[in-house]
Structures are given as structure tokens and as C-alpha cells.
Amino acid sequence: MSGILNWMVKVVDEVLARSAFDRAIKDQRPEFGAFFLAQLLALDISYSDDTCTIRFPVQDFLFNPQGSLHGGIIGTIMDISMGHLIHHIYGRSGATIEMKVQYLRPLTTGSAVCTGQFIKRGKSIAFLESRLADSSDSLVAHATSTWKCSAPTQTASTHSQV
């Protein structure tokens, strides 16, 4: 057990962790792409066609005791890629009904890219997948999910077209 504790003491860069937290507190806004977790994880979120791509650095303060990025962080980023895509395409938010993640290899250094895309879109239910790869483009994790999309809001312009 002391070996694990020694590893954790040596690896976690306290200055980097505090700096990331302080930056996230300062820069966060209650909106897609700018909320606290996106800021803390230093997520760079972009869209092209029907995909949401998230680029991010692998930071040691997010590691598990085995020395790799924690699976919960990986799952969170994959969920964000799909949720942001729902919002981008549908123009409204959604909620994850279920998500399955398959972890294929550890992520320990460098940066990573996560891409969310649709498998099938419906009016209120959507099926998505997300793939997370390391800086060598090796697949680290794959997720599939089902989402419930919130009801469209009727605006004055939408209402007048009906």
C-alpha cells in the first residue's frame, strides 16, 4: 500500500491541480462548453457535420491509483461529447437514459480526442456513440448511449409558422 501512496505523492502535480481548479472556478459559465467540468478538464469542444469532437490534455491529478486517467473521467468526457452533440443538433438539451462504456487501454500521457456521433436520431430518443483515442490515435474507450431529448420549446416565430 505504501508504494501506491508514494506513487500518488510523486505523480500528482499539486500546483497544476490547484491552477486548473482556480481557472475552472474563474472561467466557468452555466452554458454548454463553458460549465465547470468542461473548464476543469480543459475541454476544447468543436463540431463538424454530425459530430462533436473534444480534445483535452491527460492531467495527472485525474489519475486512478494504477497511474492512468480514471474511468469515471473518461466516461464523463464521452457523455459530454454526446450530450453536447444532442444540444448542437436538436437545439435543446437531453438526458442520458443509459450508457455503456468499454475501456480498451489505459490513458497515461499526452492528449486525447473524443468524438461523439449519432447512430440513429428520432424526435425524442437518440442513440449515440463516442470514441476516445490517445495522441497516437489508438482507441482507448468506446461508448454507446440512449438519450431522451427535451421537448422543443415553442417560440413566437415557431408558433406563427404552425
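**Reading the model feature by feature**

Tutor: Asp137 is located in the loop between strand S5 (125-134) and S6; helices (H or I, at least four residues) and strands (E, at least two) are DSSP runs, numbered from the N terminus. This is a predicted model, in which local features need pLDDT of at least 70 and side-chain atom pairs count only at pLDDT 80 or more, while totals for chains, interfaces and linings use all residues. Residues are numbered from 1 along each chain as its sequence is written, and side-chain values use heavy atoms, with hydrogens and water left out.

Student: What is the phi of Asp137?

Tutor: Most residues other than glycine have a negative phi, and most peptide bonds are trans. Asp137, although not a glycine, has a positive phi of about 70°. Asp137 counts as exposed, at 66% relative accessibility; buried means under 20% relative accessible area, exposed over 50%, and partly exposed in between (1.4 Å probe, protein chains only). Asp49 also has a positive value, with phi near 50°. Asp49 sits in the loop between S1 and S2 and is exposed, with a relative accessible area of 74%.

Student: What span should the 14 residues of helix H2 have?

Tutor: The expected span of a helix is 1.5 Å times one less than its number of residues. For helix H2 (residues 14-27) this should be 20 Å, and the end C-alpha atoms are 20 Å apart, which agrees. At the start of H2, a side-chain oxygen of Asp13 comes to within 3.1 Å of the backbone nitrogen of Val15.

Student: Which residues of H2 are buried?

Tutor: An α-helix has 3.6 residues a turn, so residues three or four places apart point the same way. In H2 the buried residues are Ala17, Ala20 and Ala24. They cover an arc of only 65° around the axis, which puts them on the same side of H2; the arc is that of the directions from the helix axis to the C-beta atoms. Helix H3 (36-40) is included in what covers these buried residues. On the other side of H2, the exposed residues are Val15, Arg18, Asp22 and Lys26.

Student: How many salt bridges does the structure hold?

Tutor: Side chains of opposite charge can pair when their charged atoms come close. A salt bridge is a side-chain nitrogen of Lys or Arg within 4 Å of a carboxyl oxygen of Asp or Glu, and the structure holds five. One of them pairs Arg18 with Glu14, with the closest N and O atoms 2.9 Å apart. Both residues lie in helix H2, four residues apart, about one turn of the helix.

Student: Where do Arg121 and Asp50 lie?

Tutor: The side chains of Arg121 and Asp50 meet in a salt bridge at 3.4 Å, N to O. Arg121 lies in strand S4 (residues 111-121) and Asp50 in the loop between strand S1 (44-48) and strand S2 (51-57), so the pair ties together parts that are 71 residues apart in sequence. Arg121 is partly exposed at 42% relative accessibility, and Asp50 is partly exposed at 35%.

Student: Is Thr146 buried or exposed?

Tutor: Thr146, in strand S6 (residues 139-149), counts as buried at 12% relative accessibility. Beyond its neighbours within four places in sequence, Thr146 is in contact (heavy atoms within 4.5 Å) with residues including Ile97, Ile125 and Phe127.

Conventions: Polar contact = N/O pair within 3.5 Å; in protein donor to acceptor, adjacent residues only side chain to side chain.
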